[in-house]
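User: I am new to this structure. Please show me how to read its features, one at a time.

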Amino acid sequence: MTITNFNLFIAGILSTIAAVLHILIIFGGAAWYEFFGAGEKMVKMAEAGSYYPSVVTALIAIVLFIWGLYAFSGAGLVKNLPFMKFFLIAISAIYLCRALAGIAYYVVINGDDLFMLYSSLVCLMFAFVYILGTIQIYGNI
């Protein structure tokens, strides 16, 4: 198969990288949760040996892997997945909402939380490539 949509190809790579990073955070333990801004509660639970942070992080990784698959499908690298138009629009919207909500949080509530700003800008970049790629194939799916 060949790449038919470069933006969705990049989107798939980005979501897959994010998924792998979440898996690495599980293995990295509490220090990694803290470094990547998971919040004090998650860090403390990870330090205490709770399974909760690992389960939540693994579920996020699974979702991100699935989103990557939908992007790769839209890029022509994976067989067309069911409800592709719906999912590509939904994924684009979720990344965009996360980005805008995080930026608003940073600006209005907590201007000291640089992790929130940086992660929101990353989500904005993800949203951008998903939106561009989805627009390019919208009439074809």
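Analyst: Start with a helix pair. The axes of helix 5 and helix 6 (residues 114–137) come within 7 Å and cross at roughly 155°. Helices are DSSP runs (H or I, at least four residues), numbered from the N terminus. Axes are lines fitted to C-alpha atoms over the stretch in contact, with angles from 0 to 180 degrees between N-to-C directions.

This is a predicted model: local features need pLDDT of at least 70, side-chain atom pairs count only at pLDDT 80 or more, and totals for chains, interfaces and linings use all residues. Residues are numbered from 1 along each chain as its sequence is written, and side-chain values use heavy atoms, without hydrogens and water.

User: How are helix 5 and helix 6 oriented to each other?

Analyst: Two packed helices are described by the angle between their axes and the distance between the axes. Angles under 35 degrees count as roughly parallel, over 145 as roughly antiparallel, 65 to 115 as roughly perpendicular, and the rest as oblique. Helix 5 and helix 6 are therefore roughly antiparallel.

User: At what angle do the axes of helix 4 and helix 5 cross?

Analyst: Roughly 125°, and the axes of helix 4 (residues 52–74) and helix 5 (residues 84–109) come within 10 Å. So helix 4 is oblique to helix 5.

Key. Helices (H or I, at least four residues) and strands (E, at least two) are DSSP runs, numbered from the N terminus.
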